[in-house]
Each structure stands twice: as structure tokens, then as C-alpha cells.
Amino acid sequence: MEIKWTIQGLLIYATIAAYLVAFAATILRRRKIGTVTYFLGFLISCAAITYRWVHVSHIPMQNLFEVFLLLGALVYPISIFCNRVLRIGGIAGDMLIGIIVLFIAGFFFNAEPQQLPPALQSWLFGPHVFVYMLSYVLMAKAAIQAGLQLAGSQPSPNQLSHEEATYRTICLGFPLLTLGLILGSVWGQQAWGDWWGWDPKELWSLASWLVYVGYLHFRYMFGKRFPRLNSLWVITGLIVIIITLLWVNLSRLFPGLHSYAM
């Protein structure tokens, strides 16, 4: 754990501070303060990504530091869209996701600029990573809704039930997860001459996709008859995503073609 005494680091910490204030204000029902500081945090996170982009001279999605920086920015637009369009609550939980991912980026991951390896010098680099990060934020949001359902929490009167909110969020995130898998396969064929290389990252990405296929099939077959089991299934999916995103990259047990994404 190390503090980053740089402009990049200060922008991350400022975003965390704004999200923390927004989170506290939301919990304390100070809606206006929460709304303003949440948006302020998003603007600062965008500034952090822009600064990184200029600093490294390529799309900042190469390594885990840059990926978590992006996750911290994506939380806000996804949160607002889900709340206003889909009637899915849990904005405080979304803020917590932003705080967690930016805390990890700001204190644990190496922020030293790296050259883009040849495998990443493709037009598919940006779309492939971006749709995966969108899906990951949505799946994390769905897991929070599932956790609230297991805890017996009740949503606001104008919002969907936690079980229904979980399902709709998965329905939004799953096509993006699928698109990320397809784009990765196309990219693999272009970069390494094979659509599928049985790389550890590929295998765990497929495993996470299959978990959500199982959830959607079970939900289609049985509907809301087993809400606790539905919720546990979604939380399991997030655990597999965390393994895909972190353990596969950081553990020495899984060396592979994606080892550059540290």
C-alpha cells in the first residue's frame, strides 16, 4: 500500500473524497448534497482518465491501474441510467463500488506508465476492454441488489424490488459480457492466429459468462419462486468476475497470454 504523491494520485483521492461525501449524504438523506458531490466525483474521475490518457499517449485501459480508474468513472453514468430509466435504486451502493475500485487503484496498483505491447495495438483494444468494464460494473451493481434482497431490505415505493432489479441489471450487463467475449475471440484470431487459446484469462472469462447463462436460464424456468437462490447465483457470478479480473492477473498460478495486464 502506497500513497501516490502525483497529480494522477491526487485526482484519484479527490474522486474518492467526493464519492465518500456523496455516500454519507445519501445515507443521511441529504439528497441534494449527495447528487452534487456524486456528479463532482464523476467529473474529477473523467479528469483523472484524461490526464492518464495524455500522460501515457494511448487509451488508458492497458493494466489493472488503468482498468480500475475506468471502473471508478463508469459507476456514475451507469448508476444514473439505471435509476432514472430502469427504476433501479441502490445509488449508495454504486458510490461504494466507485470508492472501492478507486481505493484499490490509488493505493495498491502500480501507476508507472507502460508502453503498449504489440498484442494491444489493435482497433479492438478499446471496444473489447470497454464493454467488459461496463458489464463488470453492472454485474457488481446486480450483486449489491442481490445482497439487499438476501438481507430483507425493502426498496423505495417508486423503485423495482431488489429481485427484479437484479434481474434487469443482469439483462443489461449480460449482452455486454457476451460482446466482450466475442470481441476477445476475434482479437485473439488477429493477434495470435487462433480464435480460442485456452488461456487462463479466457477460461475464467468463459466461466463467468457461463455462470450468468445459468442464472438467466434458472430465472427463466422458475421466475421469482426462488429469490434467495437467484441472488446467491448472482453473487457467485461476481466472485468469478473478481477472480477473472484480479486473481488470474496477479497470481503466479495463472501465467498466460494476458499476463501483461498487471
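1. Let's start at Glu112: this residue is exposed, with a relative accessible area of 52%. (Exposed means over 50% relative accessible area, buried means under 20%, and partly exposed is in between, using a 1.4 Å probe and protein chains only.) Glu112 sits in the loop between helix H4 (91-107) and helix H5 (125-150). Helices here are DSSP runs of H or I with at least four residues, numbered from the N terminus. Glu112 and Val56 are 56 residues apart along the chain, yet their C-alpha atoms are separated by 9.2 Å.

2. A quick word on what you're looking at. This is a predicted model, where local features need pLDDT of at least 70 and side-chain atom pairs count only at pLDDT 80 or more, while totals for chains, interfaces and linings use all residues. Residues are numbered from 1 along each chain as its sequence is written, and side-chain values use heavy atoms, with hydrogens and water left out.

3. Now for a pair of helices. Two packed helices are described by the angle between their axes and the distance between the axes. For helix H2 (residues 31-56) and helix H3 (residues 64-85), the axes come within 9 Å and cross at roughly 145°. The axes are lines fitted to C-alpha atoms, for helices over the stretch in contact, and the angles run from 0 to 180 degrees between N-to-C directions. H2 passes H3 in a left-handed crossing, meaning that the near helix is turned anticlockwise from the far one by less than a right angle.

4. Who makes that contact (heavy atoms within 4.5 Å)? On the H2 side, the residues include Tyr38, Phe39, Phe42 and Arg52, and H3 contributes Phe65, Glu66, Leu69 and Ser79, among others. Sorted by type, the residues of this contact divide into 13 nonpolar, three polar and two charged. Here Ala, Val, Leu, Ile, Met, Phe, Trp, Tyr, Cys and Pro count as nonpolar, Asp, Glu, Lys and Arg as charged, and the others, Gly among them, as polar.

5. Have a look at Arg52, which is found in helix H2. Is Arg52 buried or exposed? Arg52 counts as buried, because its relative accessibility is 1%. Its side chain is joined to that of Glu66 by a polar contact of 3.0 Å. A polar contact is a pair of N or O atoms within 3.5 Å; within protein, one must be able to donate a hydrogen and the other to accept it, and residues adjacent in sequence count only if both atoms are side-chain atoms. Leaving aside neighbours within four places in sequence, Arg52 also touches Gln8, Asn63 and Glu112, to name part of the list.

6. Asp94, in helix H4, is another buried residue, at 3% relative accessibility. The side chains of Asp94 and Ser79 are joined by a polar contact of 2.7 Å. Not counting residues up to four places away in sequence, Asp94 touches Tyr38, Val75, Ser79 and Lys141.

7. What about disulfides (pairs of cysteine sulfur atoms within 2.5 Å)? A search of the whole structure finds zero. Cys82 is in no disulfide either, with the nearest cysteine sulfur, in Cys171, 12 Å away. Cys82 is buried at 0%, whereas Cys46 is partly exposed at 28%.

8. Last, check two loops. Ser57, between H2 and H3, has a positive phi of about 65° although it is not a glycine. Arg87, between H3 and H4, has a positive phi of about 60° and isn't a glycine either. Ser57 is exposed at 63%, while Arg87 is partly exposed at 40%.

Note on methods: Disulfide = S-S within 2.5 Å. Contact = heavy atoms within 4.5 Å.
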